Amino acid sequence: MKAIIFITSAFLVLAGCQQSDDSENKVTNSTESHGMEADSSDPQDLAQFAIGPNGEYQTDGFDALKFLTTWNFNNLPKEERSKFYKETTLADGTLLREYWFNVEEVTIEVAPGVFYPAWSYNGQVPGPTIRATEGDMVKIHFKNNSSKPHTAHFHGYHSDSMDGTGGVPEDKIMLPGESRIYEFKAEPFGTHVYHCHSYPVSQHVAKGLYGAFIVDPKVDTRPKADKEFVMVMNGFDTDFDGENDFYAVNTKAFAYNYQPIKVKTGELVRLHLSNMLEFDPINSFHLHANFFDEYPTGTKLEPDNFTDTITMGQGERSILDVRFREPGMYMFHSHVAELAELGWTGMFMVE
Ligand code: CU
Ligand code: CU
């Protein structure tokens with residue numbers, strides 16, 4: 001069941017983001033919400049529009065802002081990082097990228113004060129982003145430290161033996177306590193995903209077992225991106241009735257309303273967007289007041305589309321390139337309005 005109180009709060013957040021400093025927060029007067037100044041939406045100011053009386057995220061260790069630019073554990077100090085990620089140049093010159101992933105059950109915060117018992121790769125949802133260049137070898141050491149059988153199925157080319165499907169043959173499943181290695185060449189280039197494929201797959205994905213897998217082209221003739229962000233669209237069924245109650249990009253409802261994503265005018269902002277939402281067949285991405293080049297699945301070097309809205313089914317992904325023309329606060333959200341109102345809304349703060 002969807003939370004009606006939460007919907008009301010969501011409108012406050014949406015309206016609140018468009019208030020100027022001196023507007024007295026009259027959210028009912030919609031005509032006041034236009035013509036805002038760029039400096040009126042300091043993240044500190046936005047906090048007052050947070051959801052509910054305790055509308056601040058308590059810490060669960062997951063930083064939605066940092067997740068945007070984290071891949072291959074580049075957020076960790078060197079020594080800590082080496083526990084999860086290693087690069088080795090092989091005799092033939094190929095770069096081998098190795099990862100160490102644990103499947104763990106963790107409690108995550110999906111909206112301020114709303115906690116969800118997730119199944120996760122390495123204690124976070126989405127799981128850690130894997131990023132390689134076309135032709136690299138990728139080797140992931142998995143350990144199932146949870147109480148259920150799981151797998152990891154990667155999108156991309158690989159042999160049948162490296163496909164982490166569930167069901168038969170059963171040797172592809174990691175039972176509780178078991179380990180296994182998946183190894184394959186990173187190809188084709190594009191922005192991909194990985195996810196658990198144990199049955200029922202809808203449950204294993206809905207519980208949080210997925211992440212982004214980016215393969216950069218070996219020869220890249222696209223314009224060089226100044227900033228790159230990983231965005232995984234997802235949702236959470238917090239009352240377990242087979243329907244989502246909260247939606248987001250990168251797990252935390254309204255996270256980028258509270259902490260807008262800072263970019264600069266003119267620079268090339270590249271989004272690696274994927275849709276891992278379960279239960280709802282359609283998701284979408286809409287950017288206000290700007291247009292983007294779309295590279296569907298990221299598998300070609302020329303964009304296929306120039307638009308401000310794209311629609312995605314489950315498992316689909318795209319690369320979106322945008323240059324903001326003017327400073328200001330620009331919303332992005334699902335154009336499925338119900339999803340936007342239940343958390344899948346954020347802001348770019350263009351300076
Ligand atoms: Cu699973
Ligand atoms: Cu898939």
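Four strands, in the order 4-9-8-6, make up an open sheet with mixed pairing. Strand 4 (130-133) and strand 6 (153-154) are the edge strands. Each has a single partner strand, so one side of each is left without a neighbour in the sheet. The model is predicted.

Inside this order, strand 8 (residues 190-195) and strand 9 (residues 210-216) run antiparallel. They are joined by 6 bridges. Thr191 stands opposite Ile214 in strand 9. In general, strands of a sheet pair through backbone hydrogen bonds, either parallel or antiparallel.

## Nonpolar core

The largest nonpolar core holds 83 residues. Within this core, Phe246 and Phe348 touch the most other members. Both domain 1 (64-216) and domain 2 (224-350) supply at least three residues to the core. In soluble globular proteins, nonpolar side chains tend to be buried together.

What is Phe246 in contact with, leaving aside its neighbours within four places in sequence? The contacts of Phe246 are Val110, Ala111, Val114, Gly235, Phe236, Thr238, Ala253, Leu342 and Gly343.

## Met347

Met347 belongs to strand 20 (residues 345-350). Is Met347 buried or exposed? Met347 has 26 C-beta neighbours inside 10 Å. The cut-off for buried is 20 or more, so Met347 counts as buried.

Conventions. Residues numbered from 1 in each chain as written. Chains lettered and ligands numbered in written order. Predicted model: local features only at pLDDT ≥ 70, side-chain atom pairs only at ≥ 80, totals over all residues. Core = buried A, V, L, I, M, F, W, Y, C linked by C-beta atoms within 7 Å. Buried ≥ 20, exposed ≤ 12 C-beta atoms within 10 Å, placed from the backbone. Domains from an automatic or database assignment. Contact = placed C-beta atoms within 7 Å. Pairing = 2+ DSSP bridges. Helix = DSSP H or I, 4+ residues; strand = E, 2+ residues; numbered from the N terminus.
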